Amino acid sequence: MVALEDMLSRVESLVAHKDWASLAALDDEVRRSVDEAVADADQLGEERVRSAVERLQTLYDQAREGSEEERDEAAQALRSTNRTQKAAKAYLDNQ
């Protein structure tokens, strides 16, 4: 359970810092920690394990939402840049 609680802290920090690349790199380790905790749930306490897994799910949902927002903002910035370039090219072509 210590490994899962450590993972919760690490994931929480990465989500708070919007460090999506590090979070993705940590994914396999998180899965192993969850699998181990679930396998030992009888000894660790089912409610304790369930609570930790639910917290991880909430954090991953926040990460997904945050990364999608950043993706959408980047896409909007690219569209804006493309419009500006097209306008500049049209202006220069008419000189």
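Select helix α1 (residues 2–16) and helix α4 (residues 46–93) in this predicted model. Their axes come within 10 Å and cross at roughly 20 degrees, so α1 and α4 are roughly parallel (under 35 degrees). Axes are lines fitted to C-alpha atoms over the stretch in contact, with angles from 0 to 180 degrees between N-to-C directions. Helices are DSSP runs of H or I, at least four residues, numbered from the N terminus.

Next, show the side chains between them. On α1, pick L4, E5, L8, V11, E12 and V15. On α4, the partners include R48, A52, L56, L59 and Y60. Contact means heavy atoms within 4.5 Å. This contact has 10 nonpolar, 1 polar and 4 charged residues.

The axes of α2 and α4 come within 12 Å and cross at roughly 160 degrees. That makes α2 roughly antiparallel to α4 (over 145 degrees). Select W20, L23, D27, V30, V34, A37 and V38 in α2; they meet α4 residues including V49, V53, G66 and E70. Here the division is 11 nonpolar, 2 polar and 2 charged.

Move to the largest nonpolar core, which has 19 residues. Such a core joins buried residues (under 20% relative accessible area, 1.4 Å probe) through side-chain atoms within 4.5 Å. L4, V11, V15, L23, L26, V30 and L56 have the most contacts inside it.

Finish on L23. Beyond residues up to four places away in sequence, L23 touches V11, L14, V15, Y60 and A63.

Residues are numbered from 1 along each chain as its sequence is written. Local features need pLDDT of at least 70, side-chain atom pairs count only at pLDDT 80 or more, totals for chains, interfaces and linings use all residues, and side-chain values use heavy atoms, without hydrogens and water.

Key: Helix = DSSP H or I, 4+ residues; strand = E, 2+ residues; numbered from the N terminus. Parallel < 35°, antiparallel > 145°, perpendicular 65-115°, else oblique. Nonpolar A, V, L, I, M, F, W, Y, C, P; charged D, E, K, R; others polar. Buried < 20%, exposed > 50% of the residue type's maximum accessible area, 1.4 Å probe, protein only.
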